[in-house]
Amino acid sequence: MAASSTRLSGIFTPNIVPLDAHGEINEGELRRYVDWLIEKGVHGLYPNGSTGEFLRFTVEERRRIIAIIADQTRGRVPILAGAAEANVKETLKACEAYHEMGCRAVAIVSPFYFKLSPAAVYAYFKEIGDNTPIDVTLYNIPMFASPIDVPTVRRLAEECPRIVAIKDSSGDLPHMMRMISAVRPVRPDFSFMTGWDAALMPMLLIGCDGGTNATSGVVPEITRRLYDLTLLGRMEEARDLQYRLLTLFDTMIQNCEFPEGFRAALALRGFKPGSGRQPQSPSQKLEVEILRNQLQCLLSAEGFVDEPVGGCPAGQPTTNPDDVARIVAGVVEELRRLGLAT
């Protein structure tokens with residue numbers, strides 16, 4: 001089975017899945033979100049990734065998410081569909097389903113839960129690469145799954161025409177350079193995508209073809225412009241934008257449970273993402289409320305939203321003390337109601 005001649009490149013958005021008040025997929029809002037992302041210039045969509053909380057949906061829901069997005073996209077941009085399931089058999093079924101839906105390729109994370117050797121990781125992807133009807137992107141995220149080392153990537157690239165790319169979310173620049181150096185000579189058509197927003201510009205400079213960046217689901221204007229400026233060689237402008245993106249990325253990812261910071265930021269952009277599937281404690285809800293004010297200040301500095309009531313302090317955004325007092329009082333009252341505080 002031959003691979004597609006169209007190389008994966010550009011910014012692919014790992015989109016959030018909006019949920020309604022009952023925790024079900026909000027189809028109308030998801031369709032509106034897809035249109036907005038495409039209008040803002042993302043090169044492709046990447047549903048059923050980590051930002052899309054794929055493990056918190058059923059198999060049927062994951063298929064429905066792709067079906068909705070494929071229908072709404074109508075071929076305007078390519079879709080890189082997350083197809084990782086718990087075993088080879090179910091993953092290949094997902095590959096077949098997403099191929100029928102017209103997706104450009106699938107992204108498959110290395111096996112998780114069991115820690116596997118490089119030989120086992122190779123055998124897993126070789127089985128998929130030899131039997132998939134759709135192009136495959138390897139997904140290396142060593143903090144959550146068995147790592148995919150450089151010799152394994154090269155061997156799979158040499159032996160499996162259907163394995164056409166790797167998405168690496170390690171943020172490890174030398175590792176990416178070693179992969180590019182090892183694979184490009186034997187597979188010039190192979191794509192390298194970074195999943196680490198904090199290093200998008202340097203990754204592009206060393207030869208990456210693009211990124212699957214969670215911030216593009218919140219500020220697609222910035223990630224697209226950063227991509228364009230870097231490729232145009234306008235280094236000072238690109239560097240300034242990378243540092244601004246870094247601040248926003250760090251704020252969303254470090255101050256509460258992933259990906260709730262991205263949901264909070266998306267709500268500020270005018271969408272109704274709802275709460276994620278993972279239940280949250282009162283303290284976690286407090287973190288999100290505090291974070292929302294910081295995010296509003298960052299987004300207002302970029303001209304995307306209005307400043308919060310009371311304005312934003314000069315320099316690094318901080319939280320309004322009155323807002324903190326209000327939020328804390330609300331949490332304490334809820335704890336009292338539950339009999340967890342006196």
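Q: Why does Y113 count as exposed?
A: Y113 has 75% relative accessibility, and because the term exposed requires over 50% relative accessible area (buried means under 20%, partly exposed in between, with a 1.4 Å probe and protein chains only), Y113 counts as exposed. The residue is found in the loop between β4 (105–109) and α4 (118–131), and Y113 has a positive phi of about 75° although it is not a glycine.

Q: What kind of model do these values come from, and how are they counted?
A: The model is predicted, so that local features need pLDDT of at least 70 and side-chain atom pairs count only at pLDDT 80 or more, whereas totals for chains, interfaces and linings use all residues. Residues are numbered from 1 along each chain as its sequence is written, and side-chain values use heavy atoms, with hydrogens and water left out.

Q: What makes E53 buried?
A: E53 has a relative accessible area of 5%, so by the cut-off of under 20% it is buried. E53 lies in the loop between β2 and α2 (59–73), where it has a positive phi of about 50° although it is not a glycine.

Q: How do you know that β1 and β8 pair?
A: Strands pair if DSSP finds at least two bridges between them, and strand β1 (residues 10–13) and strand β8 (residues 210–212) are joined in the parallel sense over three bridges, with I11 standing opposite G211 in β8. Strand β2 (residues 44–45) also runs parallel to β1, over two bridges, and there T13 stands opposite L45. Strands here are DSSP runs of E with at least two residues, and helices are runs of H or I with at least four, numbered from the N terminus.

Q: Which residues touch the most other members of the largest nonpolar core?
A: In this core of 86 residues, they are Y98, V106, I108, F125 and F192; a nonpolar core is a set of buried Ala, Val, Leu, Ile, Met, Phe, Trp, Tyr and Cys residues joined through side-chain atoms within 4.5 Å. Apart from this core lies another, of 15 residues, among them L8, F54, L80 and A165.

Q: Which peptide bond is cis?
A: The bond joining F258 and P259 is cis, with omega about 0°, and P259 has its place in the loop between α9 (235–254) and α10 (260–268).
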